[in-house]
Amino acid sequence: MTQSSLTISIVMAVLNEADNILPVCQEIAATLEHLPSCEVVAVDDGSTDSTVQKLLEARASFLPQLRIISHPKRLGKSAALRTGIEAAKGEWIATIDGDGQDDPSAIITMLALAQKAEGTPALVVGVRRKRSDRLSRRIATKFANGLRVKLLNDGCPDTGAPLKLFSRAMFLRIPQFEGVHRFLPALLGHYGAPLICHEVQHRSRLHGQSKYTNLNRALVGIRDLLGVMWLQNRTHLPSRTIEH
């Protein structure tokens, strides 16, 4: 099978999601019935529980399209997504979390929206209609989104949304750093990708707790925001080229 011989790859970065991953994979398996040629790439980012064993169980039982890649130690969500996207064979990439908060059936509509768009391949963001998180998390997210929109002018009300769909080739043009997945509207937009926001359902975690606190998200997010502003300022792209 050659690179980009599939229409879409669903890429999922997971860390210690042993209690959640089987029902998530079951929902993904049901979604695949309504998608064109597709694969699922799960990247385990150094889990210390039985996440990989559960993924192997899912592949053997009901999800033969599942590919499983492991990091020997934790490198971060962006690194895990990059690993999965580089390994993917799909023209389009859909990202999803492994905690059960995302409804994978939204990918069906998101792919249709992307395929209808003309010109440069679009970025479709699954904007969470109503957050099923603690009040402190919702307040912190609202503040972070407001600051980012003001400074980057990316036009996206929920750039941290896990459900995103975009061109694999476009994604691989942007530099890699931890946190890049939260700035795709600004970064891909700089390369000409139109933004499509699609409202999606957001659910409570099936089991366990988030791997991040509000404080570490805020401190790292501000540093990353400044870095993205620098990248935008220093990345110069031609509007068109002429070959003689």
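These legends go with several close-up views of one predicted model. Because this is a prediction, local features need pLDDT of at least 70 and side-chain atom pairs count only at pLDDT 80 or more, while totals for chains, interfaces and linings use all residues. Residues are numbered from 1 along each chain as its sequence is written, and side-chain values use heavy atoms, with hydrogens and water left out.

**View 1. Helix H2 has its buried residues on one face.**
Helices here are DSSP runs (H or I, at least four residues) and strands are too (E, at least two), both numbered from the N terminus. In H2, look for Thr51, Leu55 and Ala58, which are buried (under 20% relative accessible area; exposed is over 50% and partly exposed is in between, with a 1.4 Å probe and protein chains only). Looking down the axis of H2, these buried residues fall within an arc of 60°, so they line one face of the helix; the arc is that of the directions from the helix axis to the C-beta atoms. As a rule, an α-helix has 3.6 residues a turn, so residues three or four places apart point the same way. The cover over the buried residues of H2 includes strand E1 (6–14), helix H1 (21–32), strand E2 (38–45) and strand E3 (66–71). On the face turned away from the buried side sit the exposed residues Ala60 and Ser61.

**View 2. Serine 61 is part of helix H2.**
H2 covers residues 51–61. Serine 61 counts as exposed because its relative accessibility is 54%. Its side chain reaches the backbone oxygen of glutamate 57 at 2.9 Å, a polar contact (a pair of N or O atoms within 3.5 Å; within protein, one must be able to donate a hydrogen and the other to accept it, and residues adjacent in sequence count only if both atoms are side-chain atoms). Now find glutamine 26: it is 35 residues from serine 61 in sequence, yet their C-alpha atoms are 9.9 Å apart in space.

**View 3. Serine 78 is tucked away in helix H3.**
H3 spans residues 77–87. Serine 78 counts as buried because its relative accessibility is 1%. Leaving aside residues up to four places away in sequence, serine 78 touches Gln176, Phe177, Glu178, Gly179, Val180 and His181 (contact means heavy atoms within 4.5 Å). A polar atom of the serine 78 side chain lies 2.8 Å from the backbone nitrogen of glycine 179.

**View 4. Strand E5 pairs with strands E7 and E6.**
Six of the six residues of E5 (123–128) are buried. Leu123, Val125 and Val127 point one way, while Val124, Gly126 and Arg128 point the other way. In a regular strand, side chains alternate between the two faces of the sheet. Two strands pair if DSSP finds at least two bridges between them. E5 runs parallel to E7 (195–200) with six bridges, and arginine 128 has valine 200 as its bridge partner there.

**View 5. Asparagine 16 has a positive phi.**
You'll find asparagine 16 in the loop between E1 and H1. Its phi is near 50°. Most residues other than glycine have a negative phi. Asparagine 16 counts as partly exposed because its relative accessibility is 30%.
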